[in-house]
Amino acid sequence: MTQAQQGEPPSWLRPPLFSVGQNSRGNWVVQDQKGIRGGLFVDRDAALRFVRTESGDRPNAFIMVSDILELDLGRTP
């Protein structure tokens with residue numbers, strides 16, 4: 001194990017990273033990078049509330065996507 005790997009917490013301890021943006025219909029989309037959690041939301045506040053709840057209100061748990069972000073329900077984790 002390298003020194004960088006020793007200083008990094010195991011993946012199950014790291015907070016999830018979510019992408020937040022709007023789809024082509026204007027709905028707000030949240031999806032985690034593993035494709036396990038996410039959803040469609042009517043507004044930005046609801047999407048960010050979901051991220052805060054799912055991440056334990058950790059800062060930097062999401063990135064805002066400026067392009068179109070479509071919810072991918074067919075992706076396998």
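In which sense do β1 and strand β2 pair, and over how many bridges? Select residues 18–22 for β1 and residues 28–32 for β2: the two pair in the antiparallel sense, over five bridges. A note on terms: helices (H or I, at least four residues) and strands (E, at least two) are DSSP runs, numbered from the N terminus, and two strands pair if DSSP finds at least two bridges between them.

Before going on, know that this is a predicted model, where local features need pLDDT of at least 70, side-chain atom pairs count only at pLDDT 80 or more, and totals for chains, interfaces and linings use all residues. Residues are numbered from 1 along each chain as its sequence is written, and side-chain values use heavy atoms, leaving out hydrogens and water.

Now pick S19 and look across to β2: Q31 stands opposite. Five residues sit between the strands of this hairpin, and there G26 takes a positive phi near 90°.

Next, bring in β4, residues 62–64, which pairs with β1 in the parallel sense over three bridges. Click V20 and you'll find M64 of β4 opposite. As for β1 itself, four of its five residues are buried (under 20% relative accessible area; exposed is over 50%, partly exposed in between, with a 1.4 Å probe and protein chains only).

Most residues other than glycine have a negative phi. Here, though, D57 has a positive phi near 60°, and N60 also has a positive phi near 60°. D57 is exposed at 52% relative accessible area, and N60 is exposed at 72%.
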